[in-house]
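Come and look along with me.

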Amino acid sequence: MATTITDSHNPFSLDPYHVSEEFGFILPAPLTELPPYYQPWMDIAQHVTELIYSHTLRSHILKMPLLNTQFLESHRELRLAHLALSVMTMGYVWQEGENDTVKMLPCNLAIPYWKVSQHLGLPPILTHADAVLANWKKRDPHGPFDMENLELLVTLPGGDSVRGFFMVTLLVELAAVPAIKSIPLVINGVQCGDAETVTRALEEISQAMEGMTDALKLMHAYVKPEVFYGIIRIYLSGWKDNSSMPAGLVYEGIQAEPMEYSGGSAAQSSLLHCFDELLGVKHEENCGAFLTRMRNYMPSSHKRLIQDISLQPSLRGFVQQEASELLTEAFQLCVTKLTALRSYHINVVSRFITVPAARARQLRSQGNSSQEETVSRAPTALEETGTGGSGIMSFLKTVRDRTRDISMPLDNRAMQKSTNGARPQNTQYTTHQKHLQSNTL
């Protein structure tokens with residue numbers, strides 16, 4: 001999108017934050033192999049699923065050599081190493097399910113994992129940045145970026161559904177790229193008082209948010225709810241706020257005391273954090289604290305972008321001050337689309353977690369311990385929480401409602417410009433809440 005911004009005082013740019021013009025927060029062209037020295041890692045990481053099913057992953061990891069991380073030179077090498085060590089760690093901890101977890105990660109895995117994590121500013125656990133943003137390749141390098149042409153670099157139990165879960169989430173990230181690219185236009189437009197540029201940029205963001213919702217709908221076509229709930233979900237679970245591992249996990253060779261880390265969560269995606277800071281969404285104390293903590297599970301440059309967006313002049317205040325009908329409509333459309341995205345996410349969670357959880361409880365109450373129904377394999381510790389440790393449905397609904405709260409409905413009488421075209425001063429605008437149509441439960 002072209003812009004007329006001419007501010008000479010360091011205009012806001014995505015360049016310092018390692019955000020790609022083509023891929024947004026997605027790691028462009030992830031490596032598929034590490035230097036030969038690290039082949040012992042890749043030999044295990046690329047066969048984690050088979051080793052879990054044969055109950056031999058732990059024994060293979062215990063025999064693995066302790067490798068020095070000093071030969072990992074590039075950012076992409078570090079990201080692939082973190083991904084490989086992450087899937088090994090999740091498989092090692094959860095190989096036997098929630099009833100036979102481990103208390104210690106062996107030093108030959110824990111020490112290099114910790115060092116790679118420190119280099120990247122990521123925690124030593126599988127994150128959204130690993131499993132989604134850095135875990136893809138094209139089957140045909142010259143083909144399209146779509147479900148048929150995408151493949152995982154490393155995987156976990158769950159077959160086609162685990163591929164579908166991570167790849168659909170990747171496509172949601174890709175759909176957001178036009179919105180990410182428009183954020184500097186909004187910020188610089190507000191700083192320069194350029195309402196026209198801000199309006200166009202907000203319209204672009206709204207369209208991208210709608211594309212994100214459309215991409216999320218693919219989850220129903222590519223992921224089986226019973227497989228996600230009964231098989232995949234435990235391997236995304238962490239050792240914080242998880243009754244299966246109440247003491248956390250000792251990283252041998254790092255420190256003697258156990259450490260706690262949250263599992264993977266959509267809240268670890270930088271996208272919605274950026275939108276919230278840009279639009280001025282304020283979350284309640286508990287939800288806000290959880291979301292803030294999830295920023296520690298993002299690449300440090302992406303976390304810094306969110307923080308820097310929060311320090312910019314208020315977009316919502318600018319919209320109110322300008323009293324432009326087109327600008328207000330564009331702002332309100334963003335709020336509507338973001339609310340709709342969060343409402344649809346609630347529906348997805350209901351289908352993939354709430355409904356299977358109810359079925360699992362029913363089977364247990366009937367004394368049915370058969371493994372014929374996949375949901376019966378699911379860990380009971382996660383029934384009411386997300387893999388990140390939050391109370392899933394209440395959390396998502398509260399976050400959705402706080403988004404809706406920033407609505408700024410049009411009031412044409414209050415929006416009237418004065419006859420000479422000057423900006424009205426001290427005008428009071430109505431603040432009644434407009435009801436937004438959304439796909440709620």
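These entries go from the whole chain to single residues.

**Ground rules.** I am working from a predicted model, where local features need pLDDT of at least 70 and side-chain atom pairs count only at pLDDT 80 or more, while totals for chains, interfaces and linings use all residues. Residues are numbered from 1 along each chain as its sequence is written, and side-chain values use heavy atoms, with hydrogens and water left out.

**Entry: the whole chain.** I looked up the secondary structure and found 17 helices and four strands. Both are DSSP runs numbered from the N terminus: helices are H or I with at least four residues, strands are E with at least two. Next I checked burial: of the 441 residues, 55% count as buried. Here buried means under 20% relative accessible area, exposed means over 50%, and partly exposed is in between, with a 1.4 Å probe and protein chains only. Then I turned to contacts, meaning heavy atoms within 4.5 Å. Among contacts with a separation of 6 or more, 79% join residues 24 or more positions apart.

**Entry: the largest pocket.** How many residues line the largest pocket? I found 50, and Ser 265, Ala 266, Ala 267, Leu 272 and His 345 lie nearest its centre. Its volume is about 1100 Å³. For my own reference, the search used a 1 Å grid over the protein atoms alone: a pocket is an open set of points with protein on both sides within 12 Å along at least five of seven lines, a cavity is a set where a 1.4 Å probe fits but cannot get out, and lining residues have an atom within 4 Å of a point. Points are joined across faces, edges and corners, and a volume is the space filled by probe spheres set on them.

Helices that supply at least two lining residues each include α6 (128-133), α7 (159-175) and α12 (270-279). The largest share, eight residues, comes from α16. I sorted the lining into 28 nonpolar, 15 polar and seven charged residues. In this sorting Ala, Val, Leu, Ile, Met, Phe, Trp, Tyr, Cys and Pro are nonpolar, Asp, Glu, Lys and Arg are charged, and the others, Gly among them, are polar.

**Entry: the cavities.** I counted two cavities of 30 Å³ or more. The second largest cavity has a volume of about 30 Å³. Its lining includes His 128, Ala 129 and Leu 133, and its largest share, three residues, comes from α6. This lining has five nonpolar residues, four polar and no charged.

Entry: The expected span is 1.5 Å times one less than the number of residues. Of those 17 residues in α7, 13 are buried. The 13 residues of α17 reach 19 Å from first C-alpha to last, close to the 18 Å expected. Ten of the residues in α17 are buried, among them Phe 395, Arg 400 and Arg 404. What covers them includes α13 and α16.

**Entry: the core.** Which residues of the largest nonpolar core touch the most other members? They are Trp 41, Met 88, Leu 202, Trp 239 and Leu 315, in a core of 138 residues. Its largest share, 15 residues, comes from α16. Such a core is a set of buried Ala, Val, Leu, Ile, Met, Phe, Trp, Tyr and Cys residues joined through side-chain atoms within 4.5 Å.

Thr 69 sits in the loop between α3 (57-62) and α4 (75-94), and counts as buried because its relative accessibility is 9%.

Entry: Leu 120 lies in α5 (residues 107-120). Its C-alpha is 7.3 Å from that of Ser 300, 180 residues apart along the chain. Leu 120 touches Ser 300, and also His 75 and Leu 78, among others.

Entry: Asp 241 is not a glycine, yet its phi is near 55°. Is Asp 241 buried or partly exposed? At 48% relative accessibility, Asp 241 is partly exposed. Ala 323 also has phi near 55°, in the loop between α15 (315-322) and α16. Ala 323 counts as buried because its relative accessibility is 2%.

Note on methods
Lists of a residue's contacts leave out its neighbours within four places in sequence.
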